[in-house]
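Let us take a friendly walk through this structure, one region at a time. Keep the sequence and the 3D view open as you read.

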Amino acid sequence: MQRLTAESVTLGYDQRVIAENLSVEIPDNSFTVIVGPNACGKSTLLRALSRMLKPSEGRVLLDGQTIHSMPAKKVAKTLGLLPQSSIAPDGITVADLVARGRYPHQGLLRQWSPEDERIVQESMAATGVGALADRYVDELSGGQRQRVWIAMALAQQTPLLLLDEPTTFLDIQHQLEVLDLCAELHETQGRTLVAVLHDLNQAARYATHLIALHEGKVVAEGAPSEVVTAELVERVFGVRSQVIADPESGTPLVVPVARKRAVTAASAVSSASAAPSAVKTL
Amino acid sequence: MKTSTKTSTKTSTKTLAKPLPEASPKSSTGSVRAVRTGGGLSVRVDPRAALVFLLLTGVAFAASVVLIGSGDFRIAPGDVVATLLGNGTAAHEFVVQELRLPRILVGLLVGASLALSGSIFQSLSRNPLGSPDVIGFGQGAAVGALGAIVLFQGTALAVAGGALVGGLVTGVAVYLLAWKRGVHGYRLVLVGIGVAAVLTAVNHYLLTKASLVDATRAVLWMTGSLDGRDWTQVWPLLAAFVLLVPVVAWYARPLRVLEMGDDAAYALGVPVERARLVMMAAGVLLMAAATAAAGPIAFVALSAPQLARRLTRSPGPGLAASAAMGAALLLVADWVAAVAFGDRQLPVGVVTAVLGGCYLLWLLVTERRAGRI
Amino acid sequence: MPDGVPAQPPVPRSRHVVRIAGLLASVVLLVLVCVASIAFGAKSMPLSDVWHGLFDSDGVGNDVIVREVRVPRTLLGLLAGAALGLAGAVMQALTRNPLAEPGLLGVNAGASAAVVSAISFLGVTSLTGYVWFAFLGAAVVSALVYVLGGSRAANPVRLALAGTAATAALYGYINAVQLLDSAALDKLRFWTVGSLASADMETIAKVAPFIGVGVVLALLLGRPLNALEMGDDTARALGANLGRTRVLSMVCVTLLCGAATAACGPIVFVGLMIPHLVRAITGPDMRWIMPYAAVLAPVLLLGADVIGRLVTRPAELQVGIVTALIGGPVFIQLVRRKRMAKL
């Protein structure tokens, strides 16, 4: 039994059902990435896992307990979330914002312990925003701001951390920075990370566990090297492609079929499959 | 002065000078200092905010002394303080205790309550303009009070009761109307504005139904005034204040976290809807109690938290500094109203409205330039 | 279909027929409401008397009521209604804000502040004398709110707040003047409620030219506003002249709601409700929204006026109160339903 699971949940907003009878297990100590086309329910699933959306049927379990009936602070000590949209209050400094991540560990009479201080420092150091500590959040660039928010989520010191599209609105350099940071957190600190990502190739490169969603259903699940196939890409995204080995990391790399050669794609793929060293599968 | 040195010895011994960004390995949390005891107790103190709070309290006290001393029967400030401490002459004792002190106390409490209420609503709506006088509670209280004046020619007590009921009913109505899978800040503001427009029409209608005497009384009430306030206004207001302030203090930290958006607050373990409901209830009650005592005094709720925030330079409207600012602001405005127009004593609400209006224009321009509202 | 890309997407012929038929039906409805407005009032009279008063007046008895009270009142309702409806439609398109409304954006308070100043400081006493001041106040405040609300970057919340803030500030001033001068209070409290009751031909003649120009301008603005509604960049890409459209729209709104407010006092929510109602019938094409709004807004205003006259007979409920009571719930429903930016 894994720490965080969803048991046949039905998810939706008002009358609109997004996913029905969906079951997901997040492997402990994994870097799990949820992928899928727009409106497949990936963010909805993440919201349910982080107890922000209550399933109309089924339940989400955290350490064997129904997450929605647990006290908010108790959940917040185990499970952190980086929401897609957050608001930095006017005139708040980086250090103050990161410090707010300590909220679930504090009380009226224990507002700021030396431990809080230390963890805030460490979180800022881990995300490389230590030098920005006294800057105002409004003044930062998009990439810096995202790292500050991640630092805040880190300061929460939760073994489980959920990230909702952490790379949106970032340029390629900052996207990689954020993902490298996530991978590092997973490897060095042994935290369980769950992220929703748009880019299938980034997901394949960084994830240890991949969940592919399509129309509210789990289509494939497992290690990227086993899951990412041309067949899956076509089924989930409706895109014909070749899947080759990433020259850098050896993980699967999805190369969409070029438009002009679409007609001859079948022959190209069949000839490519004759060279199994480069192309994994059809 | 004594108290302020005490605070500085209490704060941690780290360097107080703000270090340059690149040389700031120690100060991880900006200007905020932690006060800790051996028993694992730790309380956060922002020295600047604490100083602002003390200064504003001082201003409010000074204004109180001046106001108590002025009037047809003048009393020197020294004598006022002596009388307040119980060492005054019998004549001074009577004038201060029976005539002038209650008015000042009402002013202090109303100012602090309005500012607290404004601070709460500005945090909840994440908007410097989302204060209770903008989103219909003032108008709701006015409907209750005007109903009591115009339809029943009610006593002062009935008017206060009407205002209280009107404010509370409006608060509940706005909350319920804005409810839709939770109450979102912006929806709350817009629903409040809609309700305010309807209630304003009702108020205008009630004014046309009144005799000229009642209409004058109604407009005077709607402007907000401290004239003729006595101990019967002080006690209920004080009771409400003493009951509600601990609740507000208890939820102050969740409120700070709520400013970062519902999702982030959820993730940090804040019971979002409950915190919002409790804070809204406290805010509406403070507003209604203040309005029942002195009428809907304009703009204190709106401007006090913002002014306090600019002085403390802290993110978001701080509660304690706001309350002190509200009390100081109201008494200073009352003093201005008493001296500025010669022998025509205007109600304090006129001064706060004009001052607040100018401040608001400035706020709109600067906030727009900063792209915030 | 001819070759080449048509400038406007082709609309099925049936849709045009439906729109024209709907417009005709609206005109019929308007005629009916006008008849009701002339026929019903505080004093009930047989329809024959109404007919007599209209076309064969002797200048005595019921004839006077019909000619001097009810006809001007109905005319003013027609003009003011059309003005408010069109002003609302233009304002919503200009600000891309489904909640834009002259009343909510501080125009009424501006007009009231100017009128109270006129009464108290300049000794203006006649209702027709108020008109110019109300006009001036409305114009200044609507421009101010538009600028403060962030002009082109305005979002619904920002604009509504700027309007509310301006209103609150101006009411502080109004209350102060009223307290110092109870004569002003006595006059103003009847004006601020928004009513058609004091209509007379002189006032109508004063405001009619402004409303006439405003109506023509609004009808002409339909096409450029269509482009503007899709966002500045798209509009520019489509070749619309943004600056000119914006300035003309502001002029149009000021003319229309300044004149309407000057003549009847502040009336809220008509300009808000009508465009939404119309949009449900016509779809988002401003070229159709404008004429519909010009016809249906007077239906609403006169209908509300007739209701106000009938429910508390022989006293009457001012039309401004009736529209606020109808419009408030509509506004709140819109806020709850619409998926507006930042909502």
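## Buried, exposed and in between

A residue is called buried when its relative accessible area is under 20%, exposed when that value is over 50%, and partly exposed in between. Keep in mind that this is a predicted model.

Now try the definition on a serine. Is B:Ser64 buried or exposed? Its relative accessibility is 7%, and because this is under 20%, B:Ser64 counts as buried. You can find B:Ser64 in helix H2 of chain B, which covers residues 47–69. Leaving aside residues up to four places away in sequence, B:Ser64 touches B:Ile104, B:Leu108 and B:Leu331.

## Chain B as a whole

Of its 373 residues, 58% are buried. Chain B exposes about 14,900 Å², and carbon and sulfur atoms supply 70% of that area.

Among the contacts in chain B with a separation of 6 or more, 72% join residues 24 or more positions apart.

## A sheet in chain A

Next, turn to chain A. In general, the strands of a sheet pair through backbone hydrogen bonds, either parallel or antiparallel. In which order do the strands of the open sheet in chain A lie? The order of its 4 strands is S2-S1-S4-S5, and the pairing is antiparallel. Strand S2 (16–26) and strand S5 (65–66) are the edge strands, each pairing on one side only.

Let us go through the pairs. Strand S1 (residues 4–13) of chain A is joined to S2(A) by 7 bridges, and A:Gly12 stands opposite A:Val17 in S2(A). S1(A) also runs antiparallel to S4(A), with 5 bridges between them; here A:Ala6 has A:Val60 as its bridge partner in S4(A). S4(A) and S5(A) pair over 2 bridges, with A:Leu62 opposite A:Gln65 in S5(A). S4(A) and S5(A) form a hairpin with 2 residues between them, and A:Asp63 in the turn has a positive phi of about 50°.

A helix joins the picture here. Helix H1 (residues 42–49) of chain A lies across S1, S2 and strand S4 (57–62), running at about 120° to S1(A).

## Loops to look at

Two loop residues of chain A have a positive phi without being glycine. A:Asn29 has a phi near 60° and sits in the loop between S2 and strand S3 (31–35) of chain A. A:Arg51 has a phi of about 65° and belongs to the loop between H1 and S4 of chain A.

A:Leu108 lies in the loop between helix H3 (94–99) and helix H4 (114–126) of chain A. At 34% relative accessibility, A:Leu108 is partly exposed. Which residues does A:Leu108 touch, not counting residues up to four places away in sequence? They are B:Ala249, B:Trp250 and B:Arg253. The C-alpha atoms of A:Leu108 and A:Lys217 are separated by 44 Å, and these residues are 109 residues apart along the chain.

In chain C, the loop between helix H9 (232–237) and helix H10 (242–264) holds C:Gly239. With a relative accessible area of 63%, C:Gly239 is exposed. C:Gly239 and C:Ala227 are 12 residues apart along the chain, and their C-alpha atoms are separated by 8.7 Å.

## Space inside

How many cavities of 30 Å³ or more does a search of the whole structure find? The search finds 6, and the largest cavity holds about 910 Å³ of space. It is lined by 44 residues, and the closest to its centre are B:Gln139, B:Thr200, C:Thr167, C:Ala168 and C:Tyr171.

Several helices give two or more residues to this lining, including helix H5 (137–152) and helix H7 (185–209) of chain B, as well as helix H4 (107–121) and helix H6 (156–180) of chain C. H6(C) supplies the largest share of the lining, 9 residues.

Technical notes:
Residues numbered from 1 in each chain as written. Chains lettered and ligands numbered in written order. Predicted model: local features only at pLDDT ≥ 70, side-chain atom pairs only at ≥ 80, totals over all residues. Heavy atoms only, no water. Buried < 20%, exposed > 50% of the residue type's maximum accessible area, 1.4 Å probe, protein only. Contact = heavy atoms within 4.5 Å. Areas by Shrake-Rupley, 256 points an atom, 1.4 Å probe, with all protein chains shown as cover. Pairing = 2+ DSSP bridges. Axes fitted to C-alpha atoms, helices over the stretch in contact; angles between N-to-C directions. 1 Å grid on protein atoms, 1.4 Å probe; cavity = no way out; pocket = protein on both sides within 12 Å on 5 of 7 lines; lining within 4 Å. Points joined across faces, edges and corners; volume = space filled by probe spheres on them.
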